[in-house]
Amino acid sequence: MTRVYTTIEEAGAGLTRSVVTIGNFDGMHLGHQAIFAQVKEQAAALGATPVAMTFDPHPVAFFRPEAAPAKLSVSPQRYALMGSYGVEAVVALRFDQALASMRPQAFIEEVLVEGLGAVEVVVGEDFRFGHRREGTTALLREQGEQFGLKVVVPKLVEVEGEVVSSTRVRACVAAGDLTMARRLLGRPHRLVGEVVHGEARGRALGFPTANLAVAEGMALPPDGVYATRLAVGSDGAGWRAITNIGTRPTFGGGARTVETFVLEEGMETELDLYGEEVTLSLYRHVRPEMAFASPAELVAQIQKDVAQVRAYFEEGDDA
């Protein structure tokens with residue numbers, strides 16, 4: 001299991017020699033995965049611990065909360081993914097004024113070298129750190145030399161001629177292009193949250209749903225119907241499902257909800273997940289959310305949607 005440290009002092013007590021990568025790692029996309037693979041490889045060669053340093057909240061959210069980017073993952077989900085990609089320890093620092101105002105040279109010496117015992121740092125070419133983002137990869141190399149700290153900048157990962165980035169993934173999710181988002185992430189975009197009680201309208205219509213309380217600020221696709229998979233916790237691919245994201249305009253609208261109906265045979269009416277933390281994997285957009293003249297018309301459309309999603313999974317398009 002990946003160790004998680006929340007202070008430099010705590011990390012320093014548990015780490016003596018490390019290869020470190022630093023970033024927000026919100027997307028955990030193919031570019032991040034390539035960095036983690038290099039950290040793991042270099043750590044093995046140097047007899048060191050592969051470490052990822054990340055921050056909470058996102059620095060943009062600290063300086064300009066109104067401009068905070070939509071989240072592609074929640075912290076526990078991100079740490080678990082890091083572990084699956086070979087990271088053995090995560091240093092999750094609270095981003096506050098003290099950290100924001102730290103001079104680059106102090107960050108290198110006090111945090112990386114003295115705190116984490118870093119012998120190598122792997123970062124993206126656009127990496128910036130320290131007070132007013134004055135620190136660059138060039139400065140990191142220059143200052144790191146006196147401490148025997150090697151700096152590695154891997155080649156950027158591209159898909160279809162464009163660099164893979166969290167910004168690009170967010171744009172795909174916002175546009176409902178879940179197929180491209182899945183290519184950039186190497187897995188489906190996932191929402192994590194607790195199943196809560198809703199208004200039971202789905203059950204009354206013959207389609208009982210699990211209502212997911214999604215963490216605030218998560219990246220959501222446009223309102224509509226989606227082919228999904230639902231899993232308890234974070235393990236396994238989960239059950240085939242169909243999900244509606246939206247305001248239920250047929251019933252007068254309201255707060256935006258995420259409601260999922262499980263398609264596995266025999267589980268349509270027996271599944272009870274209230275209070276469980278679940279993971280919803282989003283695979284494909286089926287149709288926009290729309291208002292129907294009557295509940296009967298809505299039920300007829302849901303039946304068509306269910307048939308379409310079943311066919312999607314039977315064709316193996318989620319592989």
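Strand β9 pairs with strand β10, residues 210-214, in the antiparallel sense, over four bridges. Pairing here requires at least two DSSP bridges between the strands. Helices (H or I, at least four residues) and strands (E, at least two) are DSSP runs, numbered from the N terminus. Within this pair, Val-196 stands opposite Asn-211 in β10.

Before going on, this is a predicted model: local features need pLDDT of at least 70, side-chain atom pairs count only at pLDDT 80 or more, and totals for chains, interfaces and linings use all residues. Residues are numbered from 1 along each chain as its sequence is written, and side-chain values use heavy atoms, with hydrogens and water left out.

Strand β9, residues 189-196, also runs antiparallel to β14, residues 277-288, with six bridges joining them. There, Leu-191 faces Leu-280 in β14.

Next, the cores. A nonpolar core is a set of buried Ala, Val, Leu, Ile, Met, Phe, Trp, Tyr and Cys residues joined through side-chain atoms within 4.5 Å; buried means under 20% relative accessible area, with a 1.4 Å probe and protein chains only. The largest such core has 30 residues, and Ile-22, Met-53, Val-91, Leu-112, Leu-116 and Leu-140 have the most contacts inside it. Helix α6 gives the most to this core, five residues. A second, separate core has 17 residues, including Leu-191 and Val-278.

Now the spaces. Where is the largest pocket centred? A pocket is an open set of points on a 1 Å grid over the protein atoms alone, where a 1.4 Å probe fits, with protein on both sides within 12 Å along at least five of seven lines; a cavity is a set the probe cannot get out of, and lining residues have an atom within 4 Å of a point. The largest pocket has a volume of about 1,200 Å³, a volume being the space filled by probe spheres set on the points. Of its 46 lining residues, the closest to the centre are Gly-23, Asn-24, Asp-126, Phe-127 and Arg-133. Helix α2 supplies the largest share of the lining, four residues.

As for cavities, the whole structure has two of 30 Å³ or more.

Technical notes
Buried < 20%, exposed > 50% of the residue type's maximum accessible area, 1.4 Å probe, protein only.
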